[in-house]
Amino acid sequence: MTEKNMIKIYVDASSAKRVDIIIKHYTDFMGIVDGYTEGLRYMIECEKESNSHQEMGDLGIRVQTGGTTSDPTAKKAIRNVMTLEALINCDFSGDVMEGVNRAEEFIRDAYLLRDMRKDYDLFNRQLSILGTEKETFEKYLRREKSLDDIAEEHGITYESAQQKIHKIRTRVKKQVVGFMDGKMGGIA
């Protein structure tokens, strides 16, 4: 599954399916989200630049007017950082989307990516319910330990290790899905 396909599937997925996607892509999930966010920033800045050039007639010659000096590289870097922060935080106040024709589409994508970050964070925070099994499950998710490694480490059969990971996965998934679906309120 390519990263774009993962994101498209994630959009329409149920909470349970979203948790499955996080588990399946645990090691590269945030890299995919961050990469897509950076791509979104790039598209926004390119569209701004293109629209700006079209407005000025883009003669291809830059003429500096006035007595002040300008640092276009620094301005562009600052603009890139501000756009990236706006996308991550979904704060589009100010002029972040000024000069962008597809602002609504980009904002919708930013909210989706923010939700993916929140889901991933929720998943990671719920791993704490595992107690002593947390480290083993995290290493399994990060592909640092295989089922064979877990079986050997715990002195159990491969099938028992498989069952152990399945039980852990089910327990975490149930907890995360409960919060995602708003069914865990009023625990106390």
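I take helices and strands here as DSSP runs, a helix having at least four residues and a strand at least two. The model I am reading is predicted.

**Overall fold**

I counted the elements first. The protein chain has eight helices and zero strands. From the N terminus on, I read them as α-α-α-α-α-α-α-α.

Next I looked up burial. The protein chain has 188 residues, and 34% of them count as buried. I then checked the accessible surface, which comes to about 11900 Å². Carbon and sulfur atoms hold 50% of that surface.

I also looked at contacts between residues at least 6 apart in sequence. Of these, 66% join residues at least 24 apart.

**Helix α2**

Is helix α2 enclosed or open? I found seven of its ten residues buried, so this helix, residues 15-24, is largely enclosed by the rest of the structure. I noted the buried ones by name: Ser-15, Arg-18, Val-19, Asp-20, Ile-21, Ile-22 and Ile-23.

**Arg-41**

I moved on to a single residue. Arg-41 is found in helix α3, which covers residues 29-56. Is Arg-41 buried or exposed? Its relative accessible area is 10%, and buried means under 20%, so Arg-41 is buried.

Which residues does Arg-41 contact? I left aside its neighbours within four places in sequence and found Asn-80, Thr-83, Leu-84 and Leu-87. I looked again at Asn-80. A polar contact of 2.8 Å joins its side chain to the side chain of Arg-41.

Notes
Residues numbered from 1 in each chain as written. Predicted model: local features only at pLDDT ≥ 70, side-chain atom pairs only at ≥ 80, totals over all residues. Heavy atoms only, no water. Buried < 20%, exposed > 50% of the residue type's maximum accessible area, 1.4 Å probe, protein only. Polar contact = N/O pair within 3.5 Å; in protein donor to acceptor, adjacent residues only side chain to side chain. Contact = heavy atoms within 4.5 Å. Areas by Shrake-Rupley, 256 points an atom, 1.4 Å probe, with all protein chains shown as cover.
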